[in-house]
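This briefing covers a nonpolar core, a helix and a pocket.

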Amino acid sequence: MEAVHMALRDAFKIVPGDKNVRLIVHEPHRFAYPPARENPDFYTHISIDAFAGRSLDAKRNLYKAIVNNLEPLGIPKDHVKILLREIPKENWGIRGGQAGCDVELGFKVEV
């Protein structure tokens, strides 16, 4: 979880305290993965919900940082799939029920 959060901090420039990361582990018989993976038990699917607005370069940096951060943990780079869902700020209800577009986030989304 820290590997993904650090990548988000580096690539998307989020603040350290903006940490909403969830780990869900599936038993191998409950998760189908792409064929021809050398270590199928290490196949990792990462889903990220984020405010819309990051540049393509920031997204590329995020993807590279995630696989680079996971590799020392034994997860091969070709065993990582990342799905980034960008959601407009007005579609987030945060900080006591406020629309995300009405809140000072403490960081820039447009990086």
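The points below are grouped by topic, after a note on the model. The model is predicted, with local features needing pLDDT of at least 70, side-chain atom pairs counting only at pLDDT 80 or more, and totals for chains, interfaces and linings using all residues. Residues are numbered from 1 along each chain as its sequence is written, and side-chain values use heavy atoms, leaving out hydrogens and water.

**Core**
- The largest nonpolar core has 25 residues, and F12, I48, L62 and I66 have the most contacts inside it.
- Two or more residues of this core come from each of α1 (2–12), β1 (44–51), α2 (56–70) and β2 (80–87).
- Such a core is a set of buried Ala, Val, Leu, Ile, Met, Phe, Trp, Tyr and Cys residues joined through side-chain atoms within 4.5 Å.
- Helices (H or I, at least four residues) and strands (E, at least two) are DSSP runs, numbered from the N terminus.

**Helix α1**
- A3, V4, H5, A7, L8, A11 and F12 of α1 are buried (under 20% relative accessible area, 1.4 Å probe, protein chains only).
- These buried residues pack against β1, α2 and β2.
- Leaving aside residues up to four places away in sequence, F12 touches A7, A50, R54, A58, K59, L62, L84, K108 and V111 (contact: heavy atoms within 4.5 Å).
- K13 follows α1 and has a positive phi, near 60 degrees.

**Pocket**
- The largest pocket is lined by 40 residues, with V21, R22, L23, I46 and S47 nearest its centre.
- α1 and β1 are the elements that give two or more residues to this lining, and β1 gives the most, with eight residues.
- A pocket is an open set of points on a 1 Å grid over the protein atoms alone where a 1.4 Å probe fits, with protein on both sides within 12 Å along at least five of seven lines; lining residues have an atom within 4 Å of a point.

Terms used. Buried means under 20% relative accessible area, exposed over 50%, partly exposed in between (1.4 Å probe, protein chains only).
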